[in-house]
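Here is a short report on packing and rings in one protein. Look over the structure, then read on.

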Amino acid sequence: MPKQQESAPVASIMQALDAKDWRSAVARIDEQRSLGTQLKKPLFSRALHLLASGLEDNLKAEDFGERFRSGKALVDHMCEIFPEERNSDSVVALLARLATRAGQLEAAEALLKGVEKLRLRTCLPVLRAYAEVGARAAAERLYEERVGPLYTDEAELEEGLDDQASLWERILAARVDAWRLSSDGCVLAFQRVLRDVVALRAWIWRGGPLDESLRSAFGTLGWSVAEASPDDDGRCQASGVQLPRAFGEEQLNEVAEELDRLIALECEKKPEKAVSIETFWLEFKQQLAALGQYDVVVDGANVGYHMQNFDGGCFQHRAIEAVRALHAKAGDRVLIVLRKRWTCRETAQIEPNSKRRKGVENPVRVGQEVQAEDQRDLDETLGGSKRRTEVELAKQWRENGSLFISPPVINDDNVAMYVAVAMCRLGSRVQLVTNDFFRDHKVNFSRPLRRWLDRHVSRYALKYVNAENVDEYQKEEEEDVANGAIAVPEALVWPGEGEGPNTFQKVRLFPPLSYMAPANASACGRCWHFPLGNDWVCPRRKREDLNSMAEARARFERTHPTFLVCWDASAFR
């Protein structure tokens, strides 16, 4: 069907828009308004976008003002024909940008108040304009009322998205600049902004807007500014300040409360088991109170299942023992958290089509398997099942005080985390050994819990070898040793009953850093550390070009961040 020919007036407007002549386009649209012509919405939209284009250029102030006045007239004309566009987010956002560049900051802020779904990109030009004139109070008001509430924990989970991270850095940089260029120079006001930087950004882009703004602001204060990494104990080599090593009581309470909230979510998802979940969780806490102090908590199911997601894969008690033995050799007291079923020979099998197998996409089947597993554990706990044979290693762990049975019908991830938090309360520098990335749960995890995990989770790597790959293993052995892999005890090399056909050869542990690496401040607020870049964040992306141990090292081995360090040298002499 041939394209319908535009009328002469519309063609004239389109010609001006195509030529990017916004004055002619606006004049011709206004002319059609006086003639009562019903123009289409896309014409107005194109004209508004043309007005807003080039706003970052060094135009004259009167040009910005003319654009804003023309934009308001265009919107009024459009809303006469399309009234629903009066509160359109995109229209208001464009007008706010025009008002900002015209110096009409109050008008811009008033426009933002009418936007229901406000976006960072809409707020940034207004906040940036406040910063350029040193209007700190106005910038902070806008941030607290409109911008700050846009940040959610989901935003932090999306830190890998460069665009999202960059927007927040530019927002925070505008606040820093607003303080630096203001006339009052109130240090307390600056520290409030810095606390938000630390809360919202675990790290900052090197050479990015926030990095540059912070350097300038601290320079204004006359503080020392340097780039430095800490030593293995977490002492900064520039300021001499010890980075925080442990969560305080209040922070640990937040993490524990978060885990209680996750249990409440489990009750909501399984209403038919809510009473049982609540009862067992309460009994678990009472049982936990009687435990002694442990340095390492092992997520037994995670280690036992590791690398078994293939047909014929078997639960590996020897892998758990290898991890336990390494920590015990280092002088750590180890506690293994396991469901009851994994301690018994008759029930410690990975079932076909298990949810832990690759390629399972049937959520109904998965749900049925979880319920079946819960029921088996419940039967064991209540003594309603047949007599079972205890796995020999599980018996040894139980007898030497290294085994903690996770209560039935409760997610054992939550149990292992809560046990580790409890150990932190006893003053122990705890490691939680797991390769679980908590992808299924992370959307429900709060910022305190995620940062606690970053401080305490210890990763590991295991190497199994089947008969067909012996030659390949022998070729890689020297490289494995160079990557820190340790031979397992001879008694664990050959598979026992129910452990499949593969030999177990090597293990490597990757402990966490001994200090808190995300952005932080000293207790007195006179020294601030901001990691430059995220190369220290684990786990890193997979490397397909490396063998298993080298790949695990590339993903899990912790490295010291390079910090932007800003400190008041007079306070630390």
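The charged end of R175 sits over the ring of Y143, 3.7 Å from its centre. Such a charge (NZ of Lys or CZ of Arg) must be within 6 Å of the ring centre and within 35 degrees of the ring normal. R341 lies over a ring face too, that of W342. The table sets out both cases.

| Charged residue | Ring | Distance to ring centre |
|---|---|---|
| R175 | Y143 | 3.7 Å |
| R341 | W342 | 4.1 Å |

This is a predicted model, where local features need pLDDT of at least 70, side-chain atom pairs count only at pLDDT 80 or more, and totals for chains, interfaces and linings use all residues. Residues are numbered from 1 along each chain as its sequence is written, and side-chain values use heavy atoms, without hydrogens and water.

**Aromatic rings**

The structure holds 16 aromatic pairs (Phe, Tyr or six-membered Trp rings with centres within 6.5 Å). F315 and W342 form a stacked pair (planes under 30 degrees apart). Their centres are 4.5 Å apart, with 5° between the planes. Elsewhere, W179, F190, F218 and W223 form one aromatic cluster.

**Nonpolar core**

The largest nonpolar core has 77 residues. A core joins buried Ala, Val, Leu, Ile, Met, Phe, Trp, Tyr and Cys residues through side-chain atoms within 4.5 Å. Which residues touch the most other members? They are L214, F218 and F530. A second, separate core of 41 residues includes C267, F284, V430 and V457.

Conventions:
Buried means under 20% relative accessible area, exposed over 50%, partly exposed in between (1.4 Å probe, protein chains only). Rings of Phe, Tyr and Trp (its six-membered ring) pair if their centres lie within 6.5 Å; planes under 30 degrees apart count as stacked, over 60 as edge-to-face and the rest as tilted.
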